[in-house]
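Reader: Please present the two chains and the interface between them, with the criteria stated for every term.

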Amino acid sequence: MHMADALLSPAVGGAFWAGTAATIGYASKKLKDGQDDRKIPLMGVLGAFIFASQMINFTIPGTGSSGHLGGGMILAILLGPHAAFLVMASVLTVQALFFADGGLLALGCNIWNLGIYPCYVAYPLVYKPLAGDGGSPRRLFAAALLSAVAALQLGAFSVVLQTLLSGISELSFGAFLLMMQPIHLAIGIVEGLVTAGVVHYVLTARPEILEASAAAGPLPAGVSLRNVMTGFLLLAVVTGGALSWFASAYPDGLEWSIEKVTGKAELPGREHGAPAALKKLQEKTAILPDYGFRKEEAAPGGAEETPSWPSVDAGTTVSGLVGGLLVLAMSVAIGWAIRAVRKSRAGRPGV
Amino acid sequence: MALETAYSDIGRLDLLSYKDTAVHRLDPRAKVVATMLFVVAVVSFPRYEVLSLLPFALFPVLVAALGDIPAGFIARKVLAVSPFAVFVGIFNPLLDPDVVRILPGTSVSAGWVSFASILVKFALTISAALLLIATTSFPGICRGLRRLGFPALFVSQLLFLYRYLFVLMEEAMRVVRARDMRSFGSRGTGPRVYVRIVGALFLRTVERAERIYGSMLARGFRGEVPSMRQERLRPADAFFVLASASFFALCRLVAVPDAIGRFVRGLAG
């Protein structure tokens, strides 16, 4: 579910990196003002804990597939939103570097998708109001489950948005959404159950952990309801606005994508009529292309990108192929040569 | 990924990062900046570009060769993380009905071209990220991030994460091994046991953190992990960044393979 560099455009990647970096600064500032240095080793070691526990798998009963913990919600519940966000950011940084999970540009998007939604959206808007003062285990359970589901749905939706805005993948909004959301609903339920279980375990063993780390006490009933309503209203406006924006751009997006996805089982020859026509319709009505996200930039220098399909200047492409192969061969040769020189130098005595 | 494989991979990358080569001696800030410029340049190509991306391979090849990083190791890790990109990219050939002719006589769906572009971009960006950590120790990267402006609190806890990463992974491996030895068939591998394992690990971690904090206070901890290394930017670092940036700009703005190919064909007749 991690976003990958190869599917991003610089504009989208840069924008989310800016947002993530700003939030890292914000969270650090909030923590610095509030607590003493005790939190630093705690956050660091908990980051290592999350990292390690993400590698322990468990089998989901009935399906045979294995799952593991994401960790965002657990951290938010047990550490508070700011510390949890920083820990998630650091875990993802380590994953991006040591595992190349997604890439360095996509790291901004990944921290946003896996950190902002659990810590700054699901935790204050779903968990806190539902869990109340933490006294009732059933409310805690429901709160943990629902907030995990919400956080993962938002994260998955975010990935779809980022992919769409980057314009590298051909997947339509509807098709991608149809793939991502149900899967992450299932993942969210599992994560929610595990989160609820771990929170319950921890609070039974050491109840003071929640009180020591939570930023504020229980919200008064009236205020919390209003906050919750405002939050959901905002969410509804934003997602509704975004969805309707896309809906107007892709009139029959969902049916079309379903037809495309299931239609691929048929002979490919039959597919030329409807998609081509729909594509033309999209191009006429789409709002986004004017912003330049989906349009291809005219390659400066007139590289092998051709302005009009399907006719391709065979001469240019052949030159490009020859040159490309040569460049690759040169790179490999340079690499080998350097290594060979190294080895021979290392072999000589006295070096 | 299995815990043991992950552990040994991280350990190997970590060991590689402490080597002493010209690339390793470069300032972490220079390497971070150069790698980010590389990623942005690669990613900025429009979706049907494939061949113009190939000259960029020179950057990871040079870094790996000069930094003495085994190429096979990097390639294996790139392959291991490719599923998501492949899974999303594979829809391009299926959904893109336009057709383009590559060589005189052969034509492919444009979707395959954009899929190939995704794969090439993926290989380039992922190997660049891996080479960054392989040639720069993690504490070095953290110091570089601090001096590039990231908050001290975030960087300090990144360093703590790194210090205890291996300790926690070893503990997790012990717990998993104990669970496996006590599981009969599929009993014990379900979520109930998992929740207890994770919960117990969490509590042990919190208690360990309190011990760590106490012992660091006793050693004069004031909130930031001090470093003895004096890292100053040297001319070599500036040269590296400038040379890399110029190379990326050149390859981005000029179709290098095209030019070379035309030149060679001109020579050939």
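**The interface of chains A and B**

Author: This is a predicted model, in which local features need pLDDT of at least 70, side-chain atom pairs count only at pLDDT 80 or more, and totals for chains, interfaces and linings use all residues. Residues are numbered from 1 along each chain as its sequence is written, chains are lettered from A in the order in which they are written, and side-chain values use heavy atoms, with hydrogens and water left out.

Reader: How many residues of chain B are in contact with chain A?

Author: Contact means heavy atoms within 4.5 Å. On the side of chain A, 112 residues take part; on the side of chain B, the number is 116.

Reader: What percentage of the area buried between chain B and chain A comes from carbon and sulfur atoms?

Author: Buried area is the accessible area (1.4 Å probe) that two parts lose on being put together, summed over both. Between chain B and chain A this area is about 10,400 Å². Carbon and sulfur atoms give 76%.

Reader: Which residue of chain A forms a salt bridge with Glu207(B)?

Author: A salt bridge is a side-chain nitrogen of Lys or Arg within 4 Å of a carboxyl oxygen of Asp or Glu. The rule finds two across the interface of chain B and chain A. In one of them, the closest N and O atoms are 3.6 Å apart, and the partner of Glu207(B) is Arg206(A).

Reader: Why is helix 2 of chain A described as largely enclosed?

Author: Helices are DSSP runs (H or I, at least four residues), numbered from the N terminus. Buried means under 20% relative accessible area (1.4 Å probe, protein chains only). Helix 2 of chain A is largely enclosed by the rest of the structure because its buried residues number 15 of the 15.

Technical notes: Buried < 20%, exposed > 50% of the residue type's maximum accessible area, 1.4 Å probe, protein only. Helix = DSSP H or I, 4+ residues; strand = E, 2+ residues; numbered from the N terminus.
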